[in-house]
Amino acid sequence: MMSSNIPSQIQNLTSGEYECLANLNIYDSPECNRLATQAAMGRHLTVTSNDADTAVEVCLCEDNYSGWVSHQDFSLLKLTLHPYRGTLSPKLTDTVSQAQRERAIAFTHDAMKQANYYLWGGTVAPNYDCSGLIQAAFVSVGIWLPRDAYQQEDFTESISISQLNPGDLVFFGTPQKATHVGLYLGDDRYIHSSGKEMGRNGIGIDVLSEHGDAVSRSYYQILRGAGRIIKGLEV
């Protein structure tokens, strides 16, 4: 339940930076009907607008992703005196190592072992969407990536399918835009979180082949290409 002083806090929000005291849902509109993303406990955000009656517009500091926080969840935020940029943000002088890629792969395998289902907007265990799983896997090894599949595709160094190494990303979608992403494991296999309609409703392993099962074939038909993560996101 919202504490009695939360409404007055909302009315007097400054442009300061806030820290999440718990995992937080971020919605795609002030009506807070559909999840856009999630912020794990400890993440930072700034308030960009508090004009709506039901929610506060925010921008997440680590990946510059925008959305809305319900007024009911405002008690899960605290004003912080230690801003993310310049103090908590990672130093991005080194390239991503193969050891980091392997640990990111291990993260996805551990996530797959937990009971889970596909959650649009999910970035917090146990339920992820496709790009949320990829972002969380690399955050676990200190590498921030953009939030959405098409943003991750733009962020990576484009490589051919024949150049894929474990820890690279594979992208699926239309000729115009990536709408799905997976993490390459080697031997034409990749791990991803896929939905109910054409996927496994959760985290699973599929193959880049027209000879796989129905799910693998459906994604192989919309394979766009591949990308290699060179550095983390600089914010």
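Modeller: Let's start with three rings: Phe 172, Tyr 190 and Tyr 219 make up one aromatic cluster. Rings of Phe, Tyr and Trp (for Trp, its six-membered ring) pair when their centres lie within 6.5 Å; planes under 30 degrees apart are called stacked, over 60 edge-to-face, and the rest tilted. Bear in mind that this is a predicted model: local features need pLDDT of at least 70 and side-chain atom pairs count only at pLDDT 80 or more, while totals for chains, interfaces and linings use all residues. Residues are numbered from 1 along each chain as its sequence is written, and side-chain values use heavy atoms, leaving out hydrogens and water.

The pairing rule gives four aromatic pairs. One of them is Phe 107 with Tyr 128: the ring centres are 6.5 Å apart and the planes meet at 70 degrees, so this pair is edge-to-face. Phe 107 belongs to helix α3 (residues 98-113) and Tyr 128 to strand β9 (residues 127-128), so the pair ties together parts 21 residues apart in sequence. (Helices, H or I with at least four residues, and strands, E with at least two, are DSSP runs numbered from the N terminus.) Tyr 128 is buried, at 3% relative accessible area, whereas Phe 107 is partly exposed at 23%. Buried here means under 20% relative accessible area, exposed means over 50%, and partly exposed is in between, using a 1.4 Å probe and protein chains only.

Phe 172 sits in strand β11 (residues 169-173) and Tyr 190 in strand β13 (residues 189-194), so the pair links parts 18 residues apart in sequence. Phe 172 and Tyr 190 are both buried.

Now for the strands around that pair. Phe 172 stands opposite Leu 223 in β15. β11 and β15 (residues 223-228) run antiparallel and are joined by four bridges; two strands count as paired if DSSP finds at least two bridges between them. Zooming out, there is an open sheet of six strands in the order β10-β15-β11-β12-β13-β14, with antiparallel pairing. Its edges are β10 (157-159) and β14 (202-207), each of which pairs on one side only. From one strand to the next, the twist averages 35 degrees. Axes are lines fitted to C-alpha atoms, for helices over the stretch in contact, and angles run from 0 to 180 degrees between N-to-C directions.

What lies across the sheet strands β11, β12, β13 and β14? That's helix α4 (residues 130-139), which runs at about 45 degrees to β12 (178-186). For contact, the rule is heavy atoms within 4.5 Å.

That brings us to the packing. A nonpolar core is a set of buried Ala, Val, Leu, Ile, Met, Phe, Trp, Tyr and Cys residues joined through side-chain atoms within 4.5 Å. The largest one has 24 residues, and those touching the most other members are Ile 134, Phe 138, Ile 143, Leu 169, Val 181, Leu 183 and Ile 229. At least two residues of this core come from each of α3, α4, β11 and β12, and α4 gives the largest share, six residues. Take Phe 138: setting aside residues up to four places away in sequence, Phe 138 touches Arg 101, Ala 104, Ile 143, Leu 145, Gly 167, Leu 169, Leu 183 and Ile 229. A second, separate core has 15 residues, among them Cys 20, Ile 26, Ala 36 and Leu 60.

The charged end of Lys 177 sits over the ring of Tyr 150, 4.3 Å from its centre; the rule wants NZ of Lys or CZ of Arg within 6 Å of the ring centre and within 35 degrees of the ring normal. Ser 216, in helix α6 (residues 214-220), is buried at 3% relative accessible area. Beyond its neighbours within four places in sequence, Ser 216 contacts Arg 200, Asp 206, Val 207 and Ser 209. In the loop between β13 and β14 you'll find Asn 201, a non-glycine residue with a positive phi near 50 degrees. Pro 126 lies in the loop between β8 (123-124) and β9, and the peptide bond from Ala 125 to Pro 126 is cis, with omega near 5 degrees.
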